[in-house]
Amino acid sequence: MKIGICNDHAGVDYKFDLVKYLTDKGYEMVNFGTDSKESMDYPDVAHLLAEAVESGKVDLGIAFCGTGNGMAMTLNKHQGIRAGLAWSEEIGELVKQHNNANVLVMPARFIPFEEVVRITDAWLESSFEGGRHQRRIDKIPCK
């Protein structure tokens with residue numbers, strides 16, 4: 001599986017650590033984020049990740065910024081993206097099971113890296129439940 005990852009300056013360390021962790025587990029990682037802690041604008045990299053997920057260049061995406069909110073807001077402007085903000089393992093599972101999130105967003109300034117790993121594993125190992133959840137997802141796009 002190929003996973004795109006993006007981050008702003010707040011998520012640099014977590015990005016590098018998670019790329020290593022997931023690469024060691026056999027995932028192919030594509031970096032769309034900054035490699036610097038110098039302040040930058042998260043939409044610049046969020047749009048790149050969203051376009052890669054929408055086009056099929058990558059299968060799924062992961063994003064970090066300080067609170068996760070800026071990335072999630074930007075990513076979700078794209079019609080083919082369902083970015084879910086998760087700060088616990090249970091929410092990581094639920095954004096996949098109930099929302100079929102194709103991008104996982106996490107708040108780099110508010111959770112320890114150990115939680116990032118648990119959230120990511122839960123999200124990757126979960127499956128979309130369909131049913132009533134699909135009906136709701138079908139209503140998300142603006143007409």
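Which residue stands opposite L104 in β5?

Modeller: G84 stands opposite L104 in β5. First, some ground rules. This is a predicted model, where local features need pLDDT of at least 70 and side-chain atom pairs count only at pLDDT 80 or more, while totals for chains, interfaces and linings use all residues. Residues are numbered from 1 along each chain as its sequence is written, and side-chain values use heavy atoms, with hydrogens and water left out.

Now the strand. β5 covers residues 103–107. Strands are DSSP runs of E with at least two residues, helices are runs of H or I with at least four, and both are numbered from the N terminus. In β5, 5 of its 5 residues are buried. Buried means under 20% relative accessible area, exposed means over 50%, and partly exposed lies in between (1.4 Å probe, protein chains only). V103, V105 and P107 point one way from the strand, while L104 and M106 point the other way. Both sets are buried.

Next, its neighbours. Two strands pair if DSSP finds at least two bridges between them. Strand β4 (residues 83–85) pairs with β5 in the parallel sense over 3 bridges. Strand β3 (residues 60–65) also pairs with β5 in the parallel sense, over 5 bridges. Here A63 stands opposite V105.

E89 lies in α4. At 35% relative accessibility, E89 is partly exposed. From E89 to F128 is 39 residues in sequence and 16 Å in space, C-alpha to C-alpha. N100 sits in the loop between α4 and β5. Its phi is near 50°, a positive value in a residue other than glycine. N100 has a relative accessible area of 24%, so it is partly exposed.

Back to β3, where C65 lies. C65 is buried, at 3% relative accessibility. An unreviewed UniProt entry lists C65 and H98 under "active site". They span 34 residues in sequence, and the farthest two C-alpha atoms are 23.4 Å apart, so they do not all gather at one spot. UniProt positions follow the numbering used here, feature names are shortened, and annotations may be inferred rather than shown by experiment.

The unreviewed entry also lists residues under "binding site", among them G70, N99 and R109. These listed residues spread over 129 residues of sequence and up to 38.1 Å between C-alpha atoms. Of them, the lining of the largest pocket includes N99. G70 lies in helix α3 (residues 69–75) and is buried, with a relative accessible area of 9%.

Last, that pocket. It is lined by 14 residues, and N76, I81, R82, A83 and I140 lie nearest its centre. A pocket is an open set of points on a 1 Å grid over the protein atoms alone, where a 1.4 Å probe fits, with protein on both sides within 12 Å along at least five of seven lines; lining residues have an atom within 4 Å of a point. Its lining divides into 8 nonpolar, 5 polar and 1 charged. Ala, Val, Leu, Ile, Met, Phe, Trp, Tyr, Cys and Pro count as nonpolar, Asp, Glu, Lys and Arg as charged, and the others, Gly among them, as polar.
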